[in-house]
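Please examine the sequence and the three-dimensional model together before reading on.

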Amino acid sequence: MNITVFGSGYVGLVTAACLADVGNRVLCVDVDPEKIATLKAGHCPFYEPGIDSLLVRNAKGGRLDFTTDAARGVAHGEIIFIAVGTPPQEDGSADLQYVLAVARTIGQHMADYKVVCTKSTVPVGTAAKVREALAAELAARRLALPYDVVSNPEFLKEGAAVEDFMRPDRIIVGTDNARALDKMRQLYAPFNRNHDRVMAMDVPSAELTKYAANAMLATRISFMNELALLAEQVGADIESVRRGIGSDPRIGFHFLYAGAGYGGSCFPKDVKALIRTGGEHGQSLQVLHAVEAANEHQKQELFRRISAYLGSVKGRTIALWGLAFKPNTDDMREAPSRVLMEAIWAAGGKVRAFDPVAMETTAKIYGERADFTLVDSPEAACEGADVLAIVTEWSAFKAPDFARIKALLKTPAIFDGRNLYDPAAVQAAGLHYQGIGRAR
Ligand code: UGA
């Protein structure tokens, strides 16, 4: 099939590369000429395992191309994906201007039947707005061309996006139209061999499913984080509690890890947007208000602990392992590390940080500062630092030489925001150790 993907960001590129890899001819359209030039030169603008080889292989094979020419994009695709950004606005609502601009562009250039598919995470009701925007342009051209708007939310996890796309656990297709559903089934057939993963539903249900999934996961995390703080108070160990409750199949083991708070581009944004949608319909989503507040509190937790331990962080240096909001990505959006670093700086402390891939992104955000040093190994971060804080659970941090860390730190202590170690083992090595919700 001929497919067009508007928006060469994370979601757009993964979608495009994976669809091309199974034999479709995919054209990616982006307004940013620099991004298109980078992609044409065979480079991916972000870090994601497996994406580079997919992009190169399919571009070479003539199945994947990149352009800034929107008219060409509209002419090319029988199915057109809208995968442009929906950044949060001040009030928490998603900014739909880029999504609607693409809808108008399609309306301005289309000449035959199109299935227009919203792939960006968009609030309930967006497909209807896309339909209106497109219809208005067709009306201005005095044309009555056929088209369908489908909601096809993505459920990719950063760091595992290619795998998630190639082996989806569900393919949600929101549509009220049999012709569009049929096209979508054809498109996804290569990913759907052994079990039928396509779930057809009405458009609002598909749109709400996306938010419901992320909000549910964020709720689990915030609940575990609150329980972890309580566990410390009552002398319990959250890891034992996690195993204890996870073994109930109704609860399950996934997304029950207490930590330094959830970050990333999705959970914080989607929880806010769903609260906002509730508000627009006169409903206060009370659970989600609490989920958000608990997460804000949790992101400050490492700073509170370090400050309490040292008395004050003024004039102190904190070694920091992990900057990205989670492993296997260089994404720093809403990363808990930022809250910690900014709190340390505001209190007059310094940070020496290491991350396997996110240091370049971090340097771009904060620039040169006297109170911030990026170093090239976990050990180098500890050199001359007072204590060590761990914010991201990269594999490289999982089996460190505790004796060496002890020798390097002035006040040998580890504040582990991801519960990587057995507390007894670290303490036996002579370091003070605080995990999140671990028995002391
Ligand atoms: C999330 C969802 O997991 C995907 O299904 C969804 O498609 C995506 O958002 C999206 O809407 O685009 P992602 O943000 O890449 O994916 O990352 P997650 O692996 O879900 O992690 C989110 C945050 O939760 C991270 O900061 C992570 O450290 C934290 N987390 C996760 C915990 O604190 N505890 C856990 O048990 C799991």
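Which residue just after α11 takes a positive phi? In this predicted model, that residue is Gly 282, whose phi is about 70°.

Helix α11 covers residues 267-280, a run of 14 residues. From its first C-alpha to its last, α11 reaches 20 Å, which is close to the 20 Å expected at 1.5 Å a residue.

Attention may now turn to the surroundings of this helix. The buried residues of α11 begin with Phe 267 and Pro 268, and they also include Asp 270 and Val 271. Further along the helix, Ala 273, Leu 274, Ile 275 and Thr 277 are buried as well. The elements that cover these buried residues include α9 (203-234) and α12 (286-299).

The domain assignment divides the protein chain into domain 1 (2-199), domain 2 (211-296) and domain 3 (300-434). The centres of domain 1 and domain 3, taken over C-alpha atoms, are separated by 38 Å. Five residues from domain 1 and seven residues from domain 3 make up the contact. On the side of domain 1 that touches domain 3, three residues are nonpolar, one is polar and one is charged.

An unreviewed UniProt entry places the feature "domain: UDP-glucose/GDP-mannose dehydrogenase C-terminal" at residues 319-423. In the model, the end C-alpha atoms of residues 319-423 lie 19 Å apart, and the span is 30% helix and 18% strand.

How values were computed: Residues are numbered from 1 along each chain as its sequence is written. This is a predicted model: local features need pLDDT of at least 70, side-chain atom pairs count only at pLDDT 80 or more; totals for chains, interfaces and linings use all residues. UniProt positions are given in the numbering used here, feature names are shortened, and annotations may be inferred rather than shown by experiment. Helices (H or I, at least four residues) and strands (E, at least two) are DSSP runs, numbered from the N terminus. The expected span of a helix is 1.5 Å times one less than its number of residues. A residue is buried if 20 or more other C-beta atoms lie within 10 Å of its own, exposed if 12 or fewer, and partly exposed in between; C-beta atoms are placed from the backbone. Two residues are in contact if their C-beta atoms, placed from the backbone, lie within 7 Å. Domain bounds come from an automatic or database domain assignment. Ala, Val, Leu, Ile, Met, Phe, Trp, Tyr, Cys and Pro count as nonpolar, Asp, Glu, Lys and Arg as charged, and the others, Gly among them, as polar.
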